[in-house]
Amino acid sequence: METKKKYVMVIDTQKCFDCKACTIACKMENNVADNSQEYRNWVETGEICGTFPNLTQKFIPGQCNHCTNAPCEKVCPTSATYRNEDGLIMIDAEKCIVCKYCMVACPYDARFVSTTRHVVDKCDFCYDRIKIGELPACVQTCPPKTRTFGDLNDPNSEVSKLLKNREYKVLKPETGAEPNVFYL
Amino acid sequence: MKNLSRREFLRRTSLSALVLAFASSGIPVLFSEETKIAATTKGKKYVYTSCEICVNKCGLKAHVENGRIVRLEPNPHFPKSRGMVCARGNAGARVPYSADRLKFPLVRVGERGENKWRKANWDEALKIVGENLNKVVETQKNRSAVMFASTEGFQEEFFKTFAEAFGSYNVVRHPTLCLASNIQGFSAVLGTYPDADIKNANYVIFCGSNRLEALITPDSIDLLKTGNKKIVTLDPRFTKTAAKSGEWLPIKVGTDLAFALAMINVLINEELYDKKFVEEKTFGFEELKNHVKNYTPEWAEKETEIPAETIRRIATEFAENAPKSVYYPGRRSSFSKNDAELRRAIAMVNALVGNFNAKGGLVQSLSIPLKKVEFEPVWYDDNAEERLEAGTVQFLTESSGAWLPFRDAVLKGEPYPVKAMVTYKTNPVASVPNRKKTLEMMKKMDFIAVIDTEMSDTAYFADVILPESTYLERWDPAHVLSGIEPVVTFRQPVIEPLYDTKSCLEIMQGLVKTCGLETNPFDYTIQNYIKTQVENYEGAYEKLLETAVFIPENLPNPYGERPIKTQTQKIEFYSEKYLSKGLNPMPTYEKPGEIPDGKFKFVVGRHAFFTHSSTNLDYLNTIMNQNTLWINTKAAERLGIKNNDLVLVKSAVGEGKLNAFVTEGIRPDTVFFIHGFGSVSKGLSKTYGVGASESEILEDHYEPISGNALLHETIVQVEKVRG
C-alpha cells in the first residue's frame, strides 16, 4: 500500500548512553504499566565485552519497526493489527482478542500484552502527538537526541538527509519485514 | 529490563498470573476532583515549571488533564537542559501520587524507630516543635544547641533564614558530602569553581566524573550531542561514561593526583604549555616547574598503573587540542585523602594550556543577580561563641559546616552539647558515611523534627514529621542557575496539594510563631517574594509565569579577558595562602594506603536513573529494583563467588548483604555498589531491607583542608553467603 507519508525513526546508537529517558517518557505518554514486562520502547544494555581492561559495551534502543511488510499484520486473525493511512502499523482495540499470534510473529519482540489497554500493545510512534505536529515522546525527551523521527517521503526532512548522507542498517533484514527503524 | 525476551516470558508465565501480578500496580486515583485547579481546568493544560529530582532543575512543561499530571515534557524555552527530560525527570510525574508519601503531620508515640505514630494537625505539630526547640534553648542556655540540617533546593533559603532568625550557628549543609574539596581546590588556583565548556571542547579528560550517569546539564547532554570529541575516562570502574569514551584507563583508586602531576611534568618539560598565557596570567610557574621535576610519567606509572607512555601521549594530545581541551573539574573518582590537592593540580593542568575563559575550555560562571529580601536579625545573649566544629578543618565554610567533624563534636558533647535537630530535605542517616554514628548522634538529641515528602531513614527516627508539599504542588522562589549560559527559573504549582502538606516557607512561617521569635523574616506571600526577587528586571515575573524561564538581555560574554579573583589576581601555581595555613603551597603527592591482600577499596557512583532516594520511586525502581556488588571476575573466582550469589560486604564500621555482579568492568582490587538501597525505614516500601546501604559501610574519614567526607577510603572484605 502506497501512502502519502512514510514515517521512520533513525537511531544514532553512538549517541545513546542508556539513560532510559525514552522508556519512562513513553510509559507516561502512553499509560504503559509500571512493570518490567510492559514497554513500547527500550534500550538494550549490552554485555560488557572483552577482558579487563580492554572492554566495550553497546546500548541499542529498540521499538516497533512499523515494517512495510509487517509479519504481525499478516498473522492477525481479526485484522486488529492494520496499516493506517499514514503507513503506521496500528491496533484496533475493539478487534484485538489477545491471541498473541502477533507477539510470536514480530521479529523485534516489540509487542506485549498491555494490562492497561487490554490489547497486545506496541509503539505507534505516538500517533496522537504526530497528528498535531508534535514529536514522539521518546524523541522529544531524549537527552542527546539519539532518535530522529520524520517523513522519508519528504526529501527535506531530517531523516531523509541522515539516510542520504550516512551509512545505516536495519535489524534482522533477513526476515523480509522491511522495517522502518534505521540504525546509523 | 530487556534481559528476558517477552516471547521467552510468554512461554514461562501464564497470562492469568501476569494480570494478577500487575493489575494492582496501577496508580491509585488519589486526586480529589474538588480541588481548585481541577475545578477550573477541566480538560488539558500545560504548566511551565522546573524539576527537583536532582541538582540540575531542568525545565518542565507539565501536561495536566482534569487536574492530574499526565506527563512532564521538556520545556523548550529552557536552554540549560537542552530540550530534554531524563528518566528521573519523567518519573517525577508520579512523585505526588507515590503511595509512600507523607500525607499529614505525624507525632511519634512509640520509641524512636518503632514506626508508631499518630496523626496531628498542623497547629499542634508546629506547637510541639516550637515548644521543644525553646525547651532545649532554655536548658542549654544556648541557641546553637539546636542544629539545622539541609540540602540545596529552592526553598532551602527559607530554612536557612529561619535558622539565622532563630539564632543558631549550626546549620549543616551538604557540600562536605559533595563538592567542598573540589571547590576549595579549584578556587585556590583559579579564584573560582569554573564550568567546563563541553559544547565547544574537542578533548575531555574525566577523572572519574561519570557524566553520562551522574547527569549534569548541559555538560552531559553536550558530550555526545555536539561534535566529535575525544573522551578519556580515568575510573576504577567501567561506567557508561567509560563505555562511550575513546579511552578508558582503570586507574588505581586514590592515585589521580599522580596522573595530574605527571601531566604537569610533561606539559612543562616538553614545553607544551601556553607560554604567553603562563607569562601573563599565572603566578609561581618557576616554583611549580621545580616542584614537579620528580613527578615523571615513569614515577606516575608505578602509582596509577597507567603506562608512562600513555600519560605522555595524553598530555601531548591535551596540549594539541588546547584551548579546546578540558581536564574536567567534576566530582568523584578520588574523594581520597589528597582530594583538595588533586583538584588544585587539575586546575593547573588546565591553566598550563591556557584554556581559562577560552571557548571550549574552563570558563568562569556567569550569574544573574536577584534582589535579596532582607530581615532584621536579633541578637541573643544565650548563644555559643561559634559553630560547633569551628577550627577542625583549615577552610571551614561557616554557612555550611562540615558534616563529619560536626557529628563527632555532637557525639563528644564538646565544645558544647547540641540537643535538638531540625532537618529539611536531607537524609543524613542514608547520606553521611558511617550510619551507626549518625544514629548515635540522633540518640543524643532531646528532640528531632524532620521536614520531608516521604518517610526517609532520617524521618523514621524523628519525634515530629512535618510533611512538605512536593515540587509539583507548590510555589518556589526564583533561583539562578549560574553557568556559561545562566538562567533564572522558579516553580509554580502544576496541581493543588493532594494531601495536608505545606511548603517549607509556610512551615517556617508557622515556626516563627510557635517559637515566639522576636523577628519575622517571612512577612510576605511567596508570590510577593518572587516579585521582589526579580523586580529589577522588567517583565521578569510575567515571563516566569509564562515559561518558567527568565534570561536578561545583554548578558556579558563569558569568554575572554575577565578579572581573576585570587590573592595575586593571577592563576596561582604557588599559594601563599596555603603556605600561611601550614599547608603545601603546591600540590604534593601522598601515597594512598595499601589495600590488604584479599580485600578491596570500595568506590561510590551513580546510575543515570537514580538520584539518592529516588530508588524508591515507581518506574525508576522497576529499571533496577536492588543494588548489586560489582566485583571483578578474577577476584570473584578467587572467593568462589558466581554472578548473582548473595555476598556479605564488610568494612570496619558496618556490613551489608546483596547479590554479586561479576564483571570484567572493575579493577580486581575494587568493588562498587550504588546507594539508595538497604533502607532502614519501613516507610520506603521498595528499598526497605533490599540490598546494601552505602552509609552503613562507608568509613567516616574526612579531608583536613575542606572537611569533605572521603568516600573512597573504605576497605572492605567480601564473602559469599550463598549461591
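Let's start with B:E73, which is buried, because its relative accessible area is 1%. Buried here means under 20% relative accessible area, exposed means over 50%, and partly exposed is in between, with a 1.4 Å probe and protein chains only. One thing to keep in mind from the outset is that this is a predicted model, where local features need pLDDT of at least 70, side-chain atom pairs count only at pLDDT 80 or more, and totals for chains, interfaces and linings use all residues. Residues are numbered from 1 along each chain as its sequence is written, chains are lettered from A and ligands numbered from 1 in the order in which they are written, and side-chain values use heavy atoms, with hydrogens and water left out.

So who does B:E73 pair with? Its side chain meets that of B:R71 in a salt bridge, 3.9 Å from N to O. By salt bridge I mean a side-chain nitrogen of Lys or Arg within 4 Å of a carboxyl oxygen of Asp or Glu. B:R71 is buried too, with a relative accessible area of 0%.

B:R71 also has a partner on chain A: it forms a salt bridge with A:E29, and the closest N and O atoms are 2.9 Å apart.

Helices (H or I, at least four residues) and strands (E, at least two) are DSSP runs, numbered from the N terminus.

Now for the place where the two chains meet. Between chain B and chain A we count three salt bridges. The rule also finds 14 residue pairs in polar contact across that interface, both residues being at pLDDT 80 or more. A polar contact is a pair of N or O atoms within 3.5 Å; within protein, one must be able to donate a hydrogen and the other to accept it, and residues adjacent in sequence count only if both atoms are side-chain atoms. On the chain B side, the elements that each supply at least two residues include helix 1 (6-12), helix 2 (15-23) and strand 3 (68-74). The contact takes 52 residues from chain B and 55 from chain A, where contact means heavy atoms within 4.5 Å. About 4800 Å² is buried between the chains, and carbon and sulfur atoms give 62% of that. Buried area is the accessible area (1.4 Å probe) that two parts lose on being put together, summed over both.

Back inside chain B, there's a salt bridge between B:K437 and B:D700, with the closest N and O atoms 2.6 Å apart. B:K437 sits in helix 18 (residues 435-443) and B:D700 in the loop between helix 25 (694-697) and strand 26 (714-722), so the pair ties together parts that are 263 residues apart in sequence. Buried or partly exposed? B:K437 is partly exposed, at 25% relative accessibility, whereas B:D700 is buried, at 17%.

Okay, rings next. The structure holds 33 aromatic pairs over all chains. Rings of Phe, Tyr and Trp (its six-membered ring) pair if their centres lie within 6.5 Å; planes under 30 degrees apart count as stacked, over 60 as edge-to-face and the rest as tilted. Take B:F186 and B:Y193: the centres are 5.8 Å apart and the planes are at 85°, so this pair is edge-to-face. B:F186 is buried at 0% relative accessibility, while B:Y193 is partly exposed at 24%.

Which arrangement do B:F285 and B:F573 have? They're tilted, 6.4 Å centre to centre with 55° between the planes. This pair links distant parts of the chain, 288 residues apart. Both partners are buried, B:F285 at 13% and B:F573 at 0%. There's also an aromatic cluster made of B:F148, B:F159, B:F162, B:F166 and B:Y424.

Last, charges over rings. B:R237 lies over the face of B:W630, at 4.7 Å from the ring centre, and B:K275 lies over the face of B:Y273, at 5.4 Å. The rule asks for NZ of Lys or CZ of Arg within 6 Å of the ring centre and within 35 degrees of the ring normal.
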